[in-house]
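Thanks for taking a look at this one with me. Here are a few notes to read beside the picture.

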Amino acid sequence: MPEPEHACPAGAVVATLEQPLPHSGGGVSAAGKPRGLRSDAWHDLRRNPVFVVSALVILFLLLIAAWPSLIASRNPLSCDLALAQEGARPGHPFGFNGQGCDVYTRTVHGARTSVVVGVLATLGVAVTGSVLGALAGFFGGAWDAVLSRITDVFFGIPVVLGGLVLLSVVSSSTVWPVIGFMVLLGWPQISRIARGSVITVKQNDYVQAARALGASSARILLRHILPNAVAPVIVVATIALGTFIALEATLSYLGVGLKPPTVSWGIDISDASPYIRNSPHMLLWPAGALAVTVLAFIMLGDAVRDALDPKLR
């Protein structure tokens with residue numbers, strides 16, 4: 001029996017499902033074609049001075065974290081007690097700390113620890129929270145109910161107090177206990193955001209059409225739902241990265257995070273606190289580096305959020 005004149009072949013439906021979703025931005029590329037959400041977001045980000053400045057700061061931070069010797073060739077653990085608490089001098093622009101270590105060298109090398117902790121903790125939180133939240137939002141039922149109650153329990157645990165309790169019994173001086181603690185208490189927020197985003201996306205017509213065409217649950221989730229539900233997770237994870245860097249410094253300041261001989265801004269701030277009146281330079285430089293880093297990631301997250309949210313256009 002011949003197909004009706006206006007019938008849409010099944011192949012055309014599948015092809016339509018594979019196309020980028022339209023959005024309310026209304027952007028047009030240089031070739032005259034409508035831009036997708038991601039390309040339109042990138043188009044806006046490149047023209048956002050907040051994004052440009054924060055991205056440049058973060059790129060510089062990543063560069064010195066990977067190769068600190070580019071701008072600080074000295075050993076951060078090399079100290080001379082005869083120079084303890086001395087101020088700036090030629091070749092030592094930030095002065096010396098209470099042990100006679102060069103503050104400039106330690107500030108530069110401290111970026112590596114902060115970046116490693118922040119990036120690895122964010123990746124762990126994003127992956128764990130996204131997987132659990134997506135499964136809860138997609139399948140619902142008992143899985144959703146159990147996960148919701150578990151996240152409620154974790155939300156009730158104060159982060160700093162939890163760190164004092166859990167990390168105080170750990171003797172390791174590596175970054176892994178701190179990263180594991182952050183992932184343990186950080187995934188519920190990402191999970192709840194991913195769950196809500198998946199619930200919203202799975203109600204769309206293209207998801208129902210894919211289900212009607214016989215697509216498996218795994219294909220629907222991976223191919224049609226996750227690519228369109230990941231934007232809120234990216235925004236929150238970007239902002240959380242700066243928060244995790246600040247949390248590592250806080251825990252190290254309290255003595256339960258990273259421990260010497262690890263070079264960390266939090267450790268340097270803790271060591272400099274008793275000398276803030278007589279030698280404020282010992283505290284101001286690592287604290288300033290920490291503040292600029294956290295602010296850069298928060299500003300980057302805000303710019304990405306504004307670009308990826310069509311409602312803000």
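Predicted model: local features only at pLDDT ≥ 70, side-chain atom pairs only at ≥ 80, totals over all residues.

1. Glycine 255 follows α10 and has a positive phi, near 90°. Residues are numbered from 1 along each chain as its sequence is written, and side-chain values use heavy atoms, with hydrogens and water left out.

2. How far apart are the end C-alpha atoms of helix α10? They are 34 Å apart, which agrees with the 33 Å that its 23 residues (231-253) should span at 1.5 Å a residue; the expected span is 1.5 Å times one less than the number of residues.

3. Next, a helix pair. The axes of α4 (residues 103-139) and α5 (residues 141-155) come within 7 Å and cross at roughly 135°. Axes are lines fitted to C-alpha atoms, for helices over the stretch in contact, with angles from 0 to 180 degrees between N-to-C directions. The two helices are therefore oblique to each other (under 35 degrees is roughly parallel, over 145 roughly antiparallel, 65 to 115 roughly perpendicular, the rest oblique).

4. Where do they touch? Leu132, Gly133, Leu135, Ala136 and Phe139 in α4 meet Gly141, Trp143, Asp144 and Leu147 in α5, contact meaning heavy atoms within 4.5 Å.

Technical notes:
Helix = DSSP H or I, 4+ residues; strand = E, 2+ residues; numbered from the N terminus.
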